[in-house]
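The following paragraphs are meant to be read beside the sequence and the coordinates, passing from one chain to the other and to the contact between them. Please keep both in view while reading.

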Amino acid sequence: MDSPKPTIGIRGVVLLCIAVVIFSELLGLPILRRAIVPAPPPGNLVAAASAPSLVAWNEATIVLSSTGNPQRGEFISRRCESCHGVEGFSSQASTPNLAGIDAQYLWKQLQDFRTGKRKSVLMQQIAGALTSRDAADVAAYYALLPNAPDAQFNPSFPQTLHDQSAIDNAQRLLAVGDPKRGIPPCQACHGPLGYVRPAPSLASQNSDYVLRQLNDFAQGVRTNDVNLPMRTIAAELLPNERQAVAEFYGADLARFPVGYISQ
Amino acid sequence: MRMGNFRAYLIVAIFSLVYGTLRFSSTLQAAHVFDRRNRIDLATLHLQGEFIESNLGAVRAADGSVTIHMIAEKYIFAPACVTVPVSVPIRLRITSADSAHGFKIAGVEVKTLPGSITERHLRFPAAGKYEFYCDEFCGPGHHAMMGRIVAVPESQFQPQKSDRGAACGQP
């Protein structure tokens with residue numbers, strides 16, 4: 001009995017490939033897959049009360065928060081002026097400067113104040129009176145203001161450095177962070193080297209305000225940073241490092257990327 | 001005519017080979033490209049699903065298995081410090097909140113993609129601190145993106161009792 005020479009041929013290869021596809025598809029079927037891989041934990045957990053923020057960055061919120069009307073926002077900003085200053089530079093160092101801060105960040109903070117995810121009795125009432133469109137408009141207005149302080153009108157910014165030795169400490173943290181402790185450089189998210197939504201620009205922010213926010217993040221008082229970035233980093237910073245970073249920002253030394261000009 | 005047939009066969013063969021390989025490897029927990037059950041909406045990570053804040057870190061299930069839920073984001077891991085029991089199979093479920101990141105620990109490489117959950121099984125043979133870091137360049141803070149897993153004896157293990165910072169409480 002002479003059998004023909006066994007050859008696979010191109011048709012055989014194709015059939016083999018199709019067989020692989022069918023076999024793989026069968027493996028992907030849930031009923032068979034469950035036998036190989038244990039089932040994932042239930043994905044129906046919902047965190048409304050304990051969520052850090054109710055803002056979700058989907059298409060609607062990104063469009064809304066970045067297309068505010070600054071002219072309309074200027075009218076709304078009249079009720080912010082007494083604390084945050086006419087030009088977005090506050091007269092008290094414990095109140096944040098808003099000039100030149102990213103509109104998406106400001107919009108998210110106003111939503112968080114309104115929903116009580118960021119705690120402030122005063123701001124909760126003010127933000128509660130704004131619709132999300134109002135918040136987008138006023139955020140667009142403050143984002144347009146120049147973040148360069150005018151010495152004639154901004155007497156409380158920049159603040160004087162209390163401790164010259166803090167500069168070295170702060171420059172190190174802004175430029176390279178502390179990789180061994182998992183602290184990324186501040187300027188990678190807060191500018192001017194890079195920005196990560198929705199981190200605010202800190203280039204001309206008041207030192208007392210920055211320090212209080214860092215302490216609040218570290219102690220878990222402020223919890224509206226989605227997915228824990230600032231609570232992780234601020235808890236890792238030592239008290240003198242928080243002080244040094246805050247003073248560095250308050251002294252208006254972070255307008256340009258640190259480590260690229262001075263060193 | 002014969003040549004046309006041959007080309008058609010070739011295209012089908014290449015397609016099915018590539019597709020089959022991806023599908024096969026994704027089933028064996030390597031790529032997770034195709035599996036719809038590993039998709040997650042990254043805009044609502046903090047609002048619903050298994051990556052809500054209260055579920056991050058190591059959790060022990062009723063059958064004794066330990067699962068770590070972790071988010072990689074610019075430029076930290078959340079949580080950055082996780083405590084696990086020693087020499088117990090541990091299931092790591094990790095996702096990304098923004099761009100592609102890596103998770104490299106003791107020679108094991110895990111890739112994370114936004115909108116997709118990657119799963120990997122780990123086991124820590126001895127007690128101690130294991131550093132993990134991002135090995136996929138993700139931006140100007142990439143070099144500092146790291147965290148630690150502390151393997152402790154079974155008796156000392158407390159689920160989700162993790163220190164917040166990446167240095168695990170020791171400067």
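Of the 263 residues in chain A, 42% are buried, a residue being called buried if 20 or more other C-beta atoms lie within 10 Å of its own, exposed if 12 or fewer do, and partly exposed in between, with the C-beta atoms placed from the backbone. This is a predicted model, in which local features need pLDDT of at least 70 and side-chain atom pairs count only at pLDDT 80 or more, while totals for chains, interfaces and linings use all residues. Residues are numbered from 1 along each chain as its sequence is written, and chains are lettered from A and ligands numbered from 1 in the order in which they are written.

The secondary structure of chain A consists of 13 helices and zero strands, where helices (H or I, at least four residues) and strands (E, at least two) are DSSP runs numbered from the N terminus. Among the contacts in chain A between residues at least 6 apart in sequence, 73% join residues at least 24 apart; two residues are in contact if their C-beta atoms, placed from the backbone, lie within 7 Å.

One helix pair in chain A can be followed in detail. Helix H9 (residues 166-175) of chain A packs against helix H13 (residues 239-250) of chain A at an angle of about 90°, with their axes 8 Å apart; axes are lines fitted to C-alpha atoms, for helices over the stretch in contact, and angles run from 0 to 180 degrees between N-to-C directions. H9(A) and H13(A) are therefore roughly perpendicular to each other, since angles of 65 to 115 degrees count as such, those under 35 as roughly parallel, those over 145 as roughly antiparallel and the rest as oblique. Residues of H9(A) that include Ala166(A), Ile167(A) and Leu173(A) meet residues of H13(A) that include Ala244(A), Val245(A) and Phe248(A). By class, the contact of H9(A) with H13(A) has eight nonpolar, two polar and two charged residues, with Ala, Val, Leu, Ile, Met, Phe, Trp, Tyr, Cys and Pro counted as nonpolar, Asp, Glu, Lys and Arg as charged, and the others, Gly among them, as polar.

Helix H12 (residues 229-236) of chain A leads towards the other chain. Eight of the eight residues of H12(A) are buried, among them Arg231(A) and Glu236(A), and what covers them includes helix H11 (207-219) of chain A together with E2 and E3 of chain B.

The contact between the chains takes 49 residues from chain B and 49 residues from chain A. On the side of chain B that touches chain A, the elements giving two or more residues are helix H1 (2-27), strand E2 (66-73), strand E3 (76-78) and strand E10 (146-152) of chain B. The largest share of that side, eleven residues, comes from H1(B), and its residues divide into 26 nonpolar, 16 polar and seven charged. Leu47(B), in the loop between H1 and E1 of chain B, counts as buried because it has 21 C-beta neighbours inside 10 Å. Leaving aside its neighbours within four places in sequence, Leu47(B) is in contact with Ala47(A), Ala51(A) and Ala56(A).

Within chain B, strand E1 (residues 57-60) and E2(B) pair in the antiparallel sense over four bridges, two strands being paired if DSSP finds at least two bridges between them. Ala58(B) stands opposite Ile68(B) in E2(B), and in the hairpin of these strands, which has five residues between them, Gly64(B) takes a positive phi near 90°.
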